[in-house]
Amino acid sequence: MSLELAANMGAAPKAEIPADSPLAIRGMTVSYGQKPVVFSVDMTVTEGSMTAIIGPNGAGKSTLLKAALGIVQPLAGQALVYGKPLKASRHRIAYVPQRASVDWDFPTRVIDVVLMGLYRELGLLRRIHPHHIEKARACLERVGMTDFADRQIGQLSGGQQQRVFLARALAQEADLYLLDEPFAGVDAATEKAIIDVLKSLRSEGKTVVAVHHDLTTVRSYFDRVFLINTRKMAEGTVDEAFTPEHLNQTYGGRLATGQIDQLELAG
Amino acid sequence: MFWNALTLQLGYNATLVTIGATLLGIAAGVTGTFLYLRKRALVSDAISHATLPGVGIAFMLMVLLGGDGRALPGLLLGAAVSSWIGLLCVSWLTRFTRLSEDAAIGAVLSVFFGFGIVLLTVIQTMGAGRAAGLEGFLLGSTAGMLFNDALVIAGGGALTLLAVVILRRPMTLLAFDPEYAASRGVNVGRMDLAIMALALAVTVIGLKVVGLILIVAMLIIPPVTARFWTERTDHMILISGLCGGLAAWIGAAMSAVAPAMPTGPIIVLSSFALFVLSLLLAPNRGVLAVYLRHVRFQRRVHMRQGLLALAQGQPIYEGFTLRLLQRAGLAQADGVATDAGRARAAKALRDEKRWELVRADQAFESAAALYDGLRDIETVLTGDQISEIDQRIGGPQGVTS
């Protein structure tokens with residue numbers, strides 16, 4: 001990364017990587033074709049925090065998560081999970097993809113999807129025992145979906161599908177939860193159920209990172225923000241980084257001043 | 001005679017061929033399930049047609065080396081190599097050019113098949129008579145199959161089946177949610193290749209029995225048949241394997257009785273018969289079940305609309321509605337409500353009012369989500385809740401049925 005660029009980003013990135021950080025990304029660049037979607041991004045997630053990744057459409061929010069997880073191949077850069085390369089600590093991450101990434105007519109029931117969360121535990125050949133089912137049911141309980149365990153997933157509403165995805169992640173018993181737009185297109189009851197679960201995860205000392213769209217709820221849901229528009233625009237606690245100035249930079253004037261004033265009031 | 005074939009009482013060779021074909025059918029149904037779930041069913045068509053040049057080249061090589069050109073293991077090896085090349089061509093074309101996968105499949109399939117036919121023709125002019133039997137790879141033939149051939153097929157089918165059992169979890173994960181699978185450390189590219197390799201194995205093993213033109217049917221028809229019967233992946237794999245095995249068994253038995261009949265088409269037709277039965281008769285997803293469900297729903301709608309019209313003293317214009325009410329003894333031919341009709345109508349109107357309140361009240365959110373304009377409110381709320389709502393509505397109490 002060039003010095004000018006680093007200077008432009010406000011705080012200069014630290015060379016050493018804090019070993020206890022659940023997720024530390026350094027110099028990450030991802031490109032589809034010739035156009036970088038994420039360019040030389042550094043990110044350091046604080047343990048036990050809830051971080052919102054914020055930015056306009058096409059700013060590389062989801063791509064950054066996918067690159068950190070090795071789902072897309074970055075052109076440059078690396079991600080360390082709890083100070084180790086991804087391969088060594090993959091079992092400590094649970095990922096919740098976007099709901100739209102899946103064919104919901106797939107022949108599978110709600111409980112089967114949650115059991116997929118036990119993939120590592122079950123391995124290739126182990127049989128599914130009653131205690132595995134118990135565990136999956138407990139995860140469904142946490143998101144308020146126990147009654148739907150035997151339904152085919154296509155019969156669920158969008159919000160219910162999202163909750164099933166969250167239950168699958170819970171079954172992994174991970175330490176770091178990465179969620180891609182968990183609140184997109186869900187009903188109010190689901191939004192509340194999901195945020196309650198995420199907050200309870202934080203109180204257990206787990207770390208949550210979510211791509212988030214709704215600027216009005218940032219203050220009440222999250223304690224840290226990461227602003228991105230291809231490049232990193234700001235990173236820090238909500239008070240430090242979620243400022244009108246940074247938002248203006250990130251969204252490039254796409255937010256009206258009135259909107260930003262309202263956000264200030266909301267805080 | 002046919003019964004004897006089905007029950008494996010037609011001699012040692014025929015029995016072995018039937019068992020081999022059945023194992024192959026099971027392996028094809030099970031493997032095909034993953035092709036279907038990954039939405040890559042058509043790739044198997046490219047794989048199968050791309051086997052032909054390999055068969056031709058292997059034959060020529062074996063003759064040149066002074067061996068018997070018809071040795072099955074050699075021919076199958078050739079088939080595997082050339083269809084692997086075909087598969088690589090499809091994935092290369094899709095990845096590095098702007099061709100979509102279906103176009104790439106079409107191109108590879110026809111070019112490889114054309115080349116294969118040319119090779120077969122050359123072989124025929126080369127050493128007349130000795131090539132006899134290679135055409136059997138087009139449509140399949142179990143007649144005159146050697147003991148060793150049957151052994152190769154049975155063993156190959158069993159091995160493929162074993163591989164599918166071992167890889168079923170990562171393959172299911174990949175088919176349902178590739179991104180999540182990648183986040184769990186499944187190598188998506190390699191696992192996709194594994195699915196293709198299994199399909200290729202089934203194709204190559206099945207060449208002699210079903211032939212390359214129809215092997216696709218063994219990979220595709222059983223899973224779509226199974227899909228009608230279940231909403232679970234594990235059950236679908238089992239049912240699909242069962243359908244594939246059953247069809248292959250019937251086909252092999254039939255051609256043991258009538259050696260002139262091509263085995264492949266018979267297997268495909270048996271498979272198709274199972275498909276048609278499922279399409280029509282399967283509960284939930286079958287055509288008949290869907291139709292009946294629609295008719296029942298339509299009746300409920302008409303009944304409800306009719307009752308509400310009666311309650312509000314509106315005329316009923318639709319003949320179907322009136323006939324339904326009449327048949328239930330709720331209205332007379334002229335559209336005037338009977339006593340029973342009046343009671344039911346009053347109840348329907350009252351339910352409407354109750355629903356109105358339920359839907360407006362945040363406290364009943366989960367109940368309100370079930371509102372469809374048809375349901376009796378007792379099926380959603382408890383008696384206590386209903387009387388609480390009735391208190392709020394006011395008016396005469398205790399109208400529950």
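**Shape, a helix and a contact**

Tutor: A compact globule of 401 residues would have a radius of gyration near 21 Å, but chain B comes out at 31 Å. That radius is taken over C-alpha atoms, and the globule rule is 2.2 Å times the number of residues to the power 0.38. Keep in mind that this is a predicted model: local features need pLDDT of at least 70, side-chain atom pairs count only at pLDDT 80 or more, and totals for chains, interfaces and linings use all residues. Residues are numbered from 1 along each chain as its sequence is written, while chains are lettered from A and ligands numbered from 1 in the order in which they are written.

Student: What does the C-alpha trace of chain B span along its principal axes?

Tutor: About 100 × 55 × 35 Å.

Student: And how many helices and strands does chain B have?

Tutor: There are 18 helices and zero strands in chain B. Both are DSSP runs numbered from the N terminus, with helices being H or I of at least four residues and strands E of at least two.

Student: OK, B:Phe34 next. Buried or exposed?

Tutor: B:Phe34 is buried, because 27 other C-beta atoms lie within 10 Å. The cut-offs are 20 or more other C-beta atoms within 10 Å of its own for buried, 12 or fewer for exposed, and partly exposed in between, with C-beta atoms placed from the backbone. Across chain B, 42% of the 401 residues count as buried.

Student: Where does B:Phe34 lie, and which residues does B:Phe34 touch?

Tutor: B:Phe34 is in helix 2 (residues 12-37) of chain B. Leaving out residues up to four places away in sequence, B:Phe34 touches B:Met171, B:Ala175 and B:Ile195. Contact means that the two C-beta atoms, placed from the backbone, lie within 7 Å.

Student: Switching to helix 10 of chain B: where does that helix bend?

Tutor: At B:Val204, by about 30 degrees. The bend is the angle between axes fitted to the seven residues ending there and the seven starting there. After helix 10 comes B:Gly211, with a positive phi near 90 degrees.

Student: Last topic, chains A and B. How many residues does the contact take from each?

Tutor: The contact takes 21 residues from chain A and 18 residues from chain B. On the chain A side, helix 5 gives the most, with three residues.
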